Amino acid sequence: QMPEVNLTEEDIKRGTLVNPAWYICEFISVAEKPSKAGDSITTHLGLKIIGYERGLDTPFRGVPVTDYVSEKAQGKWKPIIEAIYKENVKPGKSYPMTAEVLVGKRVGVFIGNDQYNNQMVNRDRCIIDPRNIVSRTNR
């Protein structure tokens, strides 16, 4: 007997190769996991595409993308903190970056394409405050 499979819209859209561009994305999950080497913790940030910058719709709406922040590269949090907290990062100040804080928040993300295991995949290049996208886009 064959098992029944029930796919969500997210399941179907996962792996869809998007056009390189700035997108408005929404955080959908946050999870800490051991690194592949097992010597540090990596935060997995799940996002989904909401639209293009300036509120323009996109055929890639709903495509999930994942960003990773290693505890060995804490500086990668800086633009994410600035996008969420709407302030410049202050040294020594604590910024909670939990699911309770992030899920549902929208950020600007440049998503490009990259090759991984001989296959083209989406790779986010930068997460910023969505209010700053218009001045940074070249479309």
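1. Five strands make up an open sheet, ordered 3-2-1-4-5 and paired in the antiparallel sense. The model is a predicted one: local features need pLDDT of at least 70, side-chain atom pairs count only at pLDDT 80 or more, and totals for chains, interfaces and linings use all residues. Residues are numbered from 1 along each chain as its sequence is written, and side-chain values use heavy atoms, with hydrogens and water left out. Helices (H or I, at least four residues) and strands (E, at least two) are DSSP runs, numbered from the N terminus; two strands pair if DSSP finds at least two bridges between them. Strand 3 (64–70) and strand 5 (119–128) lie at the edges, each pairing on one side only. Direction ignored, neighbouring strands of the sheet are turned by 40 degrees against each other on average. Axes here are lines fitted to C-alpha atoms, for helices over the stretch in contact, and angles run from 0 to 180 degrees between N-to-C directions.

2. Helix on the sheet. Helix 2 (residues 77–85) packs on the sheet and touches strand 1, strand 2, strand 3, strand 4 (106–116) and strand 5. Contact means heavy atoms within 4.5 Å. The direction of helix 2 makes about 60 degrees with that of strand 5.

3. Strands 1 and 2. Strand 1 (residues 21–34) pairs with strand 2 (residues 41–52) over 11 bridges, in the antiparallel sense. Valine 30 is placed opposite leucine 45 of strand 2, and alanine 31 opposite histidine 44 of strand 2. The hairpin of these strands has six residues between them, and there glycine 38 takes a positive phi near 80 degrees.

4. Strand 4 and its partners. Strand 1 and strand 4 run antiparallel and are joined by six bridges. Alanine 21 stands opposite isoleucine 111, and phenylalanine 110 is the bridge partner of tryptophan 22. Strand 4 is also joined to strand 5, by nine bridges and again antiparallel; valine 109 has isoleucine 127 as its bridge partner. The hairpin of strand 4 and strand 5 has two residues between the strands, and in it asparagine 117 takes a positive phi near 50 degrees.

5. Largest pocket. This pocket has a volume of about 630 Å³. Pockets are found on a 1 Å grid over the protein atoms alone, using a 1.4 Å probe: a pocket is an open set of points with protein on both sides within 12 Å along at least five of seven lines, and lining residues have an atom within 4 Å of a point. Grid points are joined across faces, edges and corners, and a volume is the space filled by probe spheres set on the points. Of the 21 lining residues, Thr66, Tyr68, Val121, Asn122 and Arg123 are the closest to the centre of the largest pocket. Strand 2, strand 3 and strand 5 each give two or more residues to this lining, with the largest share, six residues, from strand 5. By class, the lining has seven nonpolar, eight polar and six charged residues. Ala, Val, Leu, Ile, Met, Phe, Trp, Tyr, Cys and Pro count as nonpolar, Asp, Glu, Lys and Arg as charged, and the others, Gly among them, as polar.

6. Second largest pocket. Its volume is about 290 Å³. The lining has 18 residues, of which Gln74, Trp77, Ile81, Tyr95 and Met97 are the closest to the centre. Nine of the lining residues are nonpolar, four polar and five charged. Helix 2 supplies the largest share, three residues.

7. Confidence. The mean pLDDT (the predictor's confidence in each residue, from 0 to 100) is 87 for the protein, and 94% of its residues reach 70 or more. Where pLDDT is low, the predicted coordinates should not be read in detail.
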